[in-house]
Amino acid sequence: MKNTSVSTGEAHLKEMFRVSDNLRYQQCLNNKCQATFGIEQALFSCPACGDLLDARYNWDKLDVPDSLSWFEKRWATRNNPLDFSGVWRFRELLPFCDEQYCVTIGEGQTLLQQNDGVGNYVDIAAGKVYLQYEGMNPSGSFKDNGMTGAFSHAKMVGAKHAICASTGNTSASLALYAHSCGMKGSVFIGSGRIAYGKLSQALDYGARTIQVKGDFDDCMRQVKEVAAREKLYLVNSLNPFRLEGQKTIMFRVLEKLNWQVPDWIIVPGGNLGNSSAFGKAFMELKELGLIDKIPRLAIINATGANTLFDLYENIGVRFNGGDVDNETIDAYFAKLDAENYRPKTIATAIEISRPVNLKKCLRALEVCNGVVREVSDEDILHAKAIIGKHGLGCEPASAASVAGLKRLREQGIIDTNESAVCILTGHQLKDPSVTVNYHIEAETTFSNKPIEVENDIDAIIEKLRH
Ligand code: F0G
């Protein structure tokens with residue numbers, strides 16, 4: 001492990017660089033820096049260069065199972081809350097904290113479901129399309145996988161007040177976990193850009209809800225500054241321990257496939273935490289010899305919030321083994337700022353134009369030989385209706401994965417016989433107004449308009465017969 005020396009001369013900074021435990025530590029992603037820090041610090045970005053931090057492990061010195069099927073023994077011990085959690089039953093693969101700090105409220109009880117109805121819509125052979133329905137988490141989205149990780153670390157470092165910026169789901173999840181840990185929780189949301197299902201959760205679970213006159217990107221900028229100034233614990237996906245929890249979504253996918261790796265994973269892209277976590281999961285599983293193949297990753301932007309698509313597919317920015325072209329990225333964001341560009345999509349969860357995990361996501365794309373696509377709001381809504389019709393409700397952002405799979409199939413990037421797992425990130429009831437408006441207003445073969453009828457039994461039966 002490299003412990004970079006930094007000539008700041010300041011004692012407190014030197015202390016930060018101290019790695020107290022050589023089993024687990026934090027490390028800067030920037031390969032020109034690679035500074036390491038103790039696991040017990042709440043940093044959220046590299047104090048030396050400002051880049052993203054990873055949780056890292058000295059696997060050789062840790063007790064890691066030699067086969068993924070080892071985890072099946074946990075199915076027999078589900079009366080232990082950590083073994084019941086769909087995150088912590090894989091704790092040997094995210095060993096950043098001792099069990100005494102692990103917080104769980106039963107997150108990750110989610111299932112991979114095969115779905116030929118959706119398969120038919122995207123023209124993939126029977127038995128090959130799977131949906132990983134993360135809407136079944138305690139707060140109704142995949143965020144709980146990450147929040148359990150972040151709050152466990154928060155407990156470990158003795159934090160008292162957790163804070164985040166959010167398009168809605170992160171705030172709902174923060175509010176729930178802060179409550180269950182007895183911590184204070186505050187959320188920053190953009191005014192008017194949050195679906196009511198999510199707002200109702202943050203309010204109901206008692207989070208201090210700050211409605212900033214701006215959008216998510218504004219909230220994110222502010223929350224980073226506020227967390228640093230006020231020394232609050234930041235639980236956005238900048239937090240490396242959030243991403244440790246989100247790795248387990250992939251472990252559960254593999255578990256349901258009898259530890260076989262699918263050909264493709266397809267995930268919506270917003271702040272790019274999930275895609276970054278998935279890339280890290282596969283990178284580590286391969287490093288540990290627990291899988292022999294890495295799936296391809298497809299990340300799907302909404303057309304109205306397509307920074308990753310633009311940078312990766314149009315401009316050609318790559319991870320380059322950690323040597324990222326920062327100048328091109330900085331110039332891109334400076335242009336967005338100069339134009340006062342504001343993203344806009346019906347999928348408000350992914351209405352983000354300055355994704356904080358961009359570089360980690362580029363690494364995931366490198367590790368997984370990935371592609372990025374953009375899909376229109378119309379494509380998202382049709383895909384959402386198809387998913388609903390075939391038994392799994394989801395919110396608009398989640399349906400971007402299926403719309404993206406359809407696009408990749410049409411383009412011949414994905415073959416009809418390849419297996420594809422779409423991540424349904426949030427529950428249908430998060431944003432019911434989009435669903436109801438679609439079915440009432442859209443004149444498509446997928447919409448399901450309510451039928452008005454006189455208050456008369458014969459008229460009612462007549463409508464049922466047709
Ligand atoms: N799907 C849903 C339902 C989401 O809520 C989000 C992100 C994403 C996809 C994108 O995931 O950021 O990992 O690329 N929602 C965040 C929030 C930003 O504040 O709730 P990502």
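In this predicted model, a polar side-chain atom of Asn-169 lies 2.7 Å from an oxygen atom of the ligand. The ligand sits in the largest cavity, and elsewhere in the structure charged side chains pair up in a total of 30 salt bridges.

**Ligand surroundings**

- The protein covers 99% of the 480 Å² of accessible area that the ligand has on its own.
- There are 21 residues around the ligand, and those that come nearest are Thr-167, Asn-169, Gly-270, Asn-271 and Thr-425.
- Two helices contribute to this shell, with helix H5 (169–181) and helix H10 (273–287) each supplying at least two residues.

- Arg-74 and Glu-92 form a salt bridge through their side chains, with an N to O distance of 2.8 Å.
- Because Arg-74 belongs to the loop between strand S3 (53–57) and helix H2 (81–84), and Glu-92 to the loop between H2 and strand S4 (112–114), this pair ties together parts that are 18 residues apart in sequence.
- Both Arg-74 and Glu-92 are buried, and the two residues also belong to a network of salt bridges that links them with Asp-83, Arg-91 and Glu-99.
- A further salt bridge joins Arg-89 to Glu-255, whose closest N and O atoms are 2.7 Å apart.
- This second pair connects distant parts of the chain, 166 residues apart, since Arg-89 is in the loop between H2 and S4 whereas Glu-255 is in helix H9 (residues 248–256).
- Arg-89 is buried, as is Glu-255.

- The side chains of Arg-342 and Asp-215 meet in a salt bridge at 3.0 Å, N to O.
- Here too the pair links distant parts of the chain, 127 residues apart, with Arg-342 in the loop between helix H12 (326–338) and helix H13 (358–367) and Asp-215 in the loop between strand S8 (208–212) and helix H7 (216–230).
- Arg-342 has a relative accessible area of 41% and is therefore partly exposed, whereas Asp-215, at 8% relative accessibility, counts as buried, the cut-off for buried being under 20%.

Notes. Residues are numbered from 1 along each chain as its sequence is written. This is a predicted model: local features need pLDDT of at least 70, side-chain atom pairs count only at pLDDT 80 or more; totals for chains, interfaces and linings use all residues. Side-chain values use heavy atoms; hydrogens and water are left out. A salt bridge is a side-chain nitrogen of Lys or Arg within 4 Å of a carboxyl oxygen of Asp or Glu. Helices (H or I, at least four residues) and strands (E, at least two) are DSSP runs, numbered from the N terminus. Buried means under 20% relative accessible area, exposed over 50%, partly exposed in between (1.4 Å probe, protein chains only). A residue is near a molecule or strand if one of its heavy atoms lies within 4 Å of it. A polar contact is a pair of N or O atoms within 3.5 Å; within protein, one must be able to donate a hydrogen and the other to accept it, and residues adjacent in sequence count only if both atoms are side-chain atoms. Accessible areas come from the Shrake-Rupley method with a 1.4 Å probe; for residues, only the protein chains shown count as cover. On a 1 Å grid over the protein atoms alone, a cavity is a set of points where a 1.4 Å probe fits but cannot get out, and a pocket is an open set with protein on both sides within 12 Å along at least five of seven lines; lining residues have an atom within 4 Å of a point. A molecule sits in a cavity or pocket if more than half of its atoms lie within 2 Å of its grid points.
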